[in-house]
Amino acid sequence: MAEKNLLLGDEALALGALHAGLSGVYAYPGTPSTEITEYIQAHTLTRERNVHCSWSGNEKTAMEAALGMSFAGKRALVCFKHVGLNVAADPFMGSAMTGANGGLVIASCDDPSMHSSQNEQDSRFYGAFAMMPVFEPSNQQEAYHMARAAFDYSEKRRIPVLFRLTTRMSHSRAVVEADDKLRDQNPLKYPENPRQWVTLPVNARVRNRQLIKDYATFEEDAVVSPFNFFKDGKDHSMGVIACGIAYNYLMENCPDGCPYPVLKVSQYPFPWELARKMASMVKTILVLEEGQPLVEERLKGVLPTGITVKGRLDNSVNRDGELTPDAVRAALGLPALPQPAASQVVAPRPPALCVGCGHRDFFTALNNVLKDYKDAKVFGDIGCYTLGWMPPFQALDTCVEMGASVTMAQGSAYAGTWPSVAVIGDSTFTHSGMTGLLDAVNTNADIVVCISDNLTTGMTGGQDSAGTGRLEAICEGLGVPREHIRTIVPLPKNYPDMEKVIREEIEYHGVSVVISRRECIQTLKRHAKK
């Protein structure tokens with residue numbers, strides 16, 4: 001009998017990958033993708049089959065390691081959030097040129113409404129950019145089945161597959177019925193065409209021409225995919241194209257069936273043939289898609305004139321933020337359901353640093369010092385400590401992306417800012433701050449780099465941090481003078497000593513590093529319970 005589980009969308013993908021013969025998952029934690037890897041790490045099948053499941057240093061290294069596993073003929077899964085795909089973009093684009101040997105699936109979890117992100121980018125654009133197939137499930141059950149299908153398709157067409165989830169799919173639960181037959185892991189098998197994996201121009205030109213031909217095949221496959229289908233309706237006043245989770249929302253609002261013709265899309269390239277079929281029946285098409293108006297924009301240039309395309313661009317659907325069942329309901333012209341607004345039910349609660357967090361004591365000491373420097377600027381980074389921008393600390397002036405604190409502090413220092421201070425976490429430092437520190441050393445930038453080390457990757461739930469126990473050695477290895485690598489313990493009783501160290505390093509005109517180290521209060525509690 002098939003096993004039934006109540007799973008997050010992330011977990012459904014993870015279980016599907018394990019059942020599909022996965023040999024390794026490579027990931028850097030980031031909401032809403034983290035649970036994919038954590039589920040695999042905790043699963044008994046992972047230990048039985050010796051599936052690789054350690055966290056990678058960043059998304060780029062994760063992508064490259066998975067590509068290496070694919071080269072060896074094994075099935076590999078890469079996981080990160082949408083902005084992590086930016087970090088992995090170089091090997092990601094390169095993987096479309098090398099192709100895949102063992103099945104290679106890249107799970108990118110987008111975050112519409114920016115619940116825990118700095119933008120709303122839509123990973124489907126990356127799929128089109130790389131000429132790579134994209135799979136986008138509409139519900140958790142489909143995510144489970146689609147995982148195996150994605151690995152199979154990757155090996156059939158010798159191409160990596162981008163697997164797109166969004167926050168609501170990743171973090172909502174549904175009953176998932178699992179297959180009772182598990183696929184074995186692939187044996188070791190190297191590429192039949194090893195030349196393809198060396199992307200010198202002489203080889204890449206040949207591969208690029210082949211990829212263009214293959215993309216036409218991907219388009220044909222999308223038309224007959226079991227994850228895409230066209231269903232006629234009685235009312236031809238409008239047709240509806242529903243992509244990914246939008247199809248789930250459409251069916252939620254039409255429990256007895258949609259009265260309009262519907263095109264469900266969960267596998268890309270977009271099935272233009274099916275869209276043209278719909279356009280021959282209707283004069284108006286409503287596009288429902290989570291994220292940016294990728295399909296809506298392209299329809300306008302492909303369909304015959306006289307067809308009205310509605311969606312996010314004409315505000316039939318909200319232009320920013322998450323697509324919701326209520327937004328779909330309004331776009332269909334259905335009356336709103338009688339329910340109070342969320343703001344009337346839930347009191348707003350802005351995020352804040354945990355009580356007892358070491359970042360709090362570090363920011364207090366830093367602020368006490370910097371109030372004596374009129375033009376001091378503090379360049380922040382991505383992590384729990386980003387909340388230091390908010391009251392009561394208001395200690396940061398910038399936060400752009402992973403690792404930017406160190407390099408922005410350099411640029412501002414070269415422009416004349418003093419003191420120029422960078423604040424970065426331990427995990428973010430090893431993710432993408434080390435190369436910036438090397439730049440600073442090579443130019444002897446007048447900056448202070450403060451690494452707020454809580455001995456974990458705190459913002460995403462306490463995963464292992466790649467630099468734990470090695471930060472001083474790393475900084476010294478990058479060329480920071482040993483006497484200007486200072487360690488402080490952020491506690492109220494230590495404020496005088498902390499402030500003295502920070503002030504001394506500000507007054508030193510060169511590269512210095514101050515490591516503020518105390519374990520995350522949340523992981524400390526978990527360790528105490530154990």
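Predicted model: local features only at pLDDT ≥ 70, side-chain atom pairs only at ≥ 80, totals over all residues.
In what order do the six strands of the open sheet with mixed pairing stand?

**Figure 1. The six-stranded sheet.** The strands of this open sheet follow the order β2-β3-β4-β6-β5-β11, and their pairing is mixed. Its edges are formed by β2 (22-27) and β11 (267-268), each of which pairs on one side only. Strand β3 (residues 75-81) runs parallel to β4, and six bridges are found between the two. β4 is also joined by six bridges to strand β6 (residues 161-166), again in the parallel sense. Further along, β6 and strand β5 (residues 134-135) are parallel and share two bridges.

Figure 2. Seven of the seven residues of β4 are buried, so the strand counts as mostly covered. In a regular strand, side chains alternate between the two faces of the sheet. One side of β4 carries L104, I106, S108 and D110, the other V105, A107 and C109, and all of these are buried. Towards β6, I106 stands opposite L162. L162 is also the bridge partner of V134, a pairing that belongs to the contact between β5 and β6.

**Figure 3. S117 and its polar contacts.** S117 is located in the loop that runs between β4 (104-110) and α7 (124-130). Its relative accessible area is 16%; S117 is therefore buried, the limit being under 20%. Leaving aside residues up to four places away in sequence, S117 touches T31, K81, H82 and D111. Two of these contacts involve polar side-chain atoms: S117 to the side chain of K81 at 2.9 Å, and S117 to the side chain of D111 at 2.6 Å.

**Figure 4. Backbone features in loops.** The peptide bond between T31 and P32 is cis, with omega of about 15°. P32 lies in the loop between β2 and α2 (34-42), and T31 is among the residues touched by S117. A cis peptide bond also joins W418 and P419, where omega is about -5°. P419 belongs to the loop between α17 (404-415) and β15 (420-425). Positive phi values occur in residues other than glycine: M114 has phi of about 50°, and M131 has phi near 60°. M114 is in the loop between β4 and α7, whereas M131 is in the loop between α7 and β5. With a relative accessibility of 38%, M114 is partly exposed, because the value falls between the limits of 20% and 50%.

Figure 5. Three bridges hold β8 and strand β10 (residues 262-265) in an antiparallel pairing. In that pairing, V262 of β10 is the bridge partner of K231.

**Figure 6. Surroundings of R312.** R312 is part of the loop between β13 and α14 (325-331). R312 is buried because its relative accessible area of 1% is under the 20% limit. The side chain of R312 reaches the backbone oxygen of N318 at 2.5 Å. Residues touched by R312, not counting those up to four places away in sequence, include E289, E290, E296, D320 and E322. G291, P293 and L323 are also among them.

**Figure 7. Aromatic rings.** Twelve aromatic pairs are found in a search of the whole structure. Ring pairs connect F135, Y153, Y215, F218 and F227 into a cluster. Elsewhere, K264 lies over the face of Y247, at 5.8 Å from the ring centre.

Notes
Residues numbered from 1 in each chain as written. Heavy atoms only, no water. Pairing = 2+ DSSP bridges. Helix = DSSP H or I, 4+ residues; strand = E, 2+ residues; numbered from the N terminus. Phe/Tyr/Trp six-rings, centres within 6.5 Å; stacked < 30°, edge-to-face > 60°. Lys NZ or Arg CZ within 6 Å of the ring centre and 35° of its normal. Buried < 20%, exposed > 50% of the residue type's maximum accessible area, 1.4 Å probe, protein only. Contact = heavy atoms within 4.5 Å. Polar contact = N/O pair within 3.5 Å; in protein donor to acceptor, adjacent residues only side chain to side chain.
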